[in-house]
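Subject: Model for your files

Hello,

Here is the structure I promised to send. My notes on it follow below.

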Amino acid sequence: MSEDKKKIFISHIADEHPEAARAKEFLEKTFGQYIEVFLASSWESIAPGDDWFKRIEDAITASHLMLVFASTESVGRPWILFETGAAWFSKKKVIPICHKGMTPSALPEPIRRLQAVDINAPSPAESLTKLAEAIRTVADLPTPTPVPLEELPVDTGKTGTVSLRGWMLRPSAHIGEVSEGVFKVGQVDICDIGRAKEADVDPDDSLFVRLFVEPGIGGLTYLNAIAPGKTASLFEQDDVVGRNILAKIKLKAVHQPDLPGARSVPIVVIESARLAGTN
């Protein structure tokens, strides 16, 4: 990575991963090679197997700027206070980003002492535009590159971008696409041999996993997925049902129902997963 890049650390709670991920994507599209964004819940920042605490520590040390996504739910969480304090004591620029109804005047101490940016707006596009302008000013970045509105991420709930909705509505057009999000494990069972083979995974080394989507997307409340190989080991844990996970999922195939007129059912394979943090 170029040393000339402004390194931006995004601090957020696990439940607000989609908002932070949209911000990361938008800022990278807007400022391109001028910035490098660290997002702990993204595999681009912390790969499976990494010492996540050390990676976070190093990222805070290397950062020029920390964005703290502040909502009524996040501001009291211990991990947010820990990351904010670590950056503040390291003399880093720390900016609370007020969203989901939080306002600068409502921030609790000691975060309230920091000059905040309010990105509450009627639409995600307006919120992200306000965020980009604030970052440009604080980090002394060049004028943002206009991002066409059709390229903006769309808010569809806790599981991230509009691509997940597209999978469900037009699955045959999205085979091979990967999405990342926060899901709740609802069920773990043996894997159907036929579905596993159709998805090109080993049925003897795979598990069936039901992932709940909160809130539902277009009426969807859960995804039936396959966890193959090493990924299946996470779901063998006794206490994994009911837990939140950060997962990358891929649409591998589309099952064609036997009944005439029935909708195609996508086969979702869990590419990688880890338990969501307690932050």
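How many aromatic pairs does a search of the whole structure find? The search finds seven. Rings of Phe, Tyr and Trp (its six-membered ring) pair if their centres lie within 6.5 Å; planes under 30 degrees apart count as stacked, over 60 as edge-to-face and the rest as tilted.

Before the details, note that this is a predicted model: local features need pLDDT of at least 70, side-chain atom pairs count only at pLDDT 80 or more, and totals for chains, interfaces and linings use all residues. Residues are numbered from 1 along each chain as its sequence is written, and side-chain values use heavy atoms, with hydrogens and water left out.

Aromatic pairs

One of the pairs is F53 with F82, which is tilted, at 6.1 Å centre to centre and 40 degrees between the planes. F53 belongs to helix 2 (residues 52-62) and F82 to helix 3 (residues 78-89), so this pair ties together parts that are 29 residues apart in sequence. Helices (H or I, at least four residues) and strands (E, at least two) are DSSP runs, numbered from the N terminus. F53 is partly exposed, with a relative accessible area of 37%, and F82 is partly exposed at 40%. On that scale, buried means under 20% relative accessible area, exposed over 50%, and partly exposed in between (1.4 Å probe, protein chains only).

W88 and F89 make an edge-to-face pair, 5.0 Å centre to centre with 80 degrees between the planes. F89 is exposed, with a relative accessible area of 66%. Ring pairs also join W52, F53, W79 and F82 into a cluster.

Helix packing

Helix 1 (residues 17-31) packs against helix 4 (residues 124-139) at an angle of about 60 degrees, and their axes are 10 Å apart. Axes are lines fitted to C-alpha atoms, for helices over the stretch in contact, and angles run from 0 to 180 degrees between N-to-C directions. The contact (heavy atoms within 4.5 Å) is made by R22, A23, F26, L27, T30 and F31 of helix 1 and by L128, T129, L131, A132, I135 and R136 of helix 4.

F208

Is F208 buried or exposed? F208 is buried, with a relative accessible area of 19%, and sits in strand 7 (residues 206-217). Leaving aside residues up to four places away in sequence, F208 touches Q187, V188, D189, I190, C191, N224 and A225. The C-alpha atoms of F208 and P228 are separated by 8.9 Å, and the two residues are 20 apart along the chain.

Regards
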